[in-house]
Amino acid sequence: MEVIVCATAEEGSDLAAKEVLGALSRKPDLVLGLATGSTPLGLYRRMIDAHRRVEADFSKVFTFNLDEYLGLPPGHPQSYRAFMDQHLFRHINIPPDHIHFPPTHGRDVPAQCEEFERDMRRVGGIDIQILGIGADGHIGFNEPTSSLGSRTRVKTLMEETLRDNARFFNDGTRQPDMAVTMGIGTILESKRILLLAFGTTKVRAIQSTIEGPISNMYPASALQLHPRVTMIVDEQAAAGLAMREYYKRVYRNKLSLEGSVMP
Ligand code: PGA
């Protein structure tokens, strides 16, 4: 697991943007797995800025979002689709039919979940999956005790997650307590994973994910099984890591090796 400890969230977002935009310049039909929440907003702002500077073309890109609430009317302002429209999609030139969300309406949601995963495979699978992490160690809405081999499906949300997100539902809308999320098995099939975590509320989750045992009690710890995952954390989120100085040295060595082999 590559762990990059950045001084600030801004620096972490710069690094993530460099990865994503670099991959896009090499592969115009990049397939991105996307996350909602406050953490990736800095990355999305940088993607938008690059598009405005005409340095990034999203016209061939495909996206698959990790999760969506079950039971909200389509287009509801608290839906994750509305969040992504507001913070990314409406500011870049991605074709609407290239945007995918886990199914939450209509008949037979489980069959539609299988179709969602087929769509993913049809475009060649996710090249880069962006992840945040919940205070309880969830990725997507894979709450503690999720099967580490799980696929896209309906999940009931934990109390802690409901409490963390309750602030978004103070407009009188009933807060859904179920969601459809990519499974951990689905996420692990991404070719590359970037997990971002900033701030003091992530200390416990980051420590358990990186230095704890693989456990369904901390679903993000399953990322230890993935060969190309990078954890981009700020100093605050890294505060509980016993081997923090080692990760910094590993990263410095990586940069100096790259410097010596690249022209
Ligand atoms: P946050 O949410 O980015 O708003 O902290 C992350 C999550 O709960 O997955």
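Which residues form a nonpolar patch on the surface? Met-243, Tyr-246 and Val-250 do, with about 270 Å² of accessible area together. The points below take this patch first, then the rest.

1. Basis. This is a predicted model, in which local features need pLDDT of at least 70, side-chain atom pairs count only at pLDDT 80 or more, and totals for chains, interfaces and linings use all residues. Residues are numbered from 1 along each chain as its sequence is written, and side-chain values use heavy atoms, with hydrogens and water left out.

2. The patch. Patch members have over 30% relative accessible area and no salt bridge; nonpolar side chains (Val, Leu, Ile, Met, Phe, Trp, Tyr) are joined within 5 Å, like charges within 9 Å. Areas come from the Shrake-Rupley method with a 1.4 Å probe, and for residues only the protein chains shown count as cover. Tyr-246 sits in helix 8 (residues 244-261). Helices (H or I, at least four residues) and strands (E, at least two) are DSSP runs, numbered from the N terminus. Tyr-246 is partly exposed because its relative accessibility is 42%. The classes are buried (under 20% relative accessible area), exposed (over 50%) and partly exposed in between, with a 1.4 Å probe and protein chains only.

3. Salt bridges. The structure holds 18 of them. The criterion is a side-chain nitrogen of Lys or Arg within 4 Å of a carboxyl oxygen of Asp or Glu. Glu-2 pairs with Lys-254 at 2.8 Å, N to O. This pair links distant parts of the chain: Glu-2 is in strand 1 (residues 2-6), Lys-254 in helix 8, 252 residues apart. Lys-254 is partly exposed, at 30% relative accessibility.

4. A local pair in helix 8. Glu-245 and Lys-248 form a salt bridge, with their closest N and O atoms 3.8 Å apart. Both residues lie in helix 8, three residues apart, about one turn of the helix.

5. Asp-29 and Lys-27 meet in a salt bridge at 3.5 Å, N to O. Asp-29 is partly exposed, with a relative accessible area of 36%. Lys-27 is also partly exposed, at 28%. Salt bridges that share partners join Lys-27, Asp-29, Asp-127 and Lys-191 into one network.

6. Helix 2. Helix 2 (residues 41-52) has 12 residues and should span 16 Å at 1.5 Å a residue; its end C-alpha atoms are 16 Å apart, which agrees. The expected span is 1.5 Å times one less than the number of residues. Its buried residues are Leu-41, Gly-42, Leu-43, Tyr-44, Arg-46, Met-47, Ile-48 and Ala-50. Their cover includes helix 1 (9-26), strand 2 (31-34), helix 3 (80-87) and strand 6 (128-131). Val-54 follows helix 2 and has a positive phi, near 60 degrees.

7. Ile-139. This residue is in the loop between strand 6 and strand 7 (153-156). Ile-139 is buried, at 0% relative accessibility. Contact means heavy atoms within 4.5 Å. Leaving aside neighbours within four places in sequence, Ile-139 contacts Leu-131, Gly-132, Ile-187, Leu-195, Pro-219, Ala-220 and Leu-223. Ile-139 and Asp-67 are 72 residues apart in sequence and 9.7 Å apart in space, C-alpha to C-alpha.

8. Cysteines. A search of the whole structure finds zero disulfides, a disulfide being a pair of cysteine sulfur atoms within 2.5 Å. Cys-6 is buried, with a relative accessible area of 1%. Cys-113 is buried too, at 3%.
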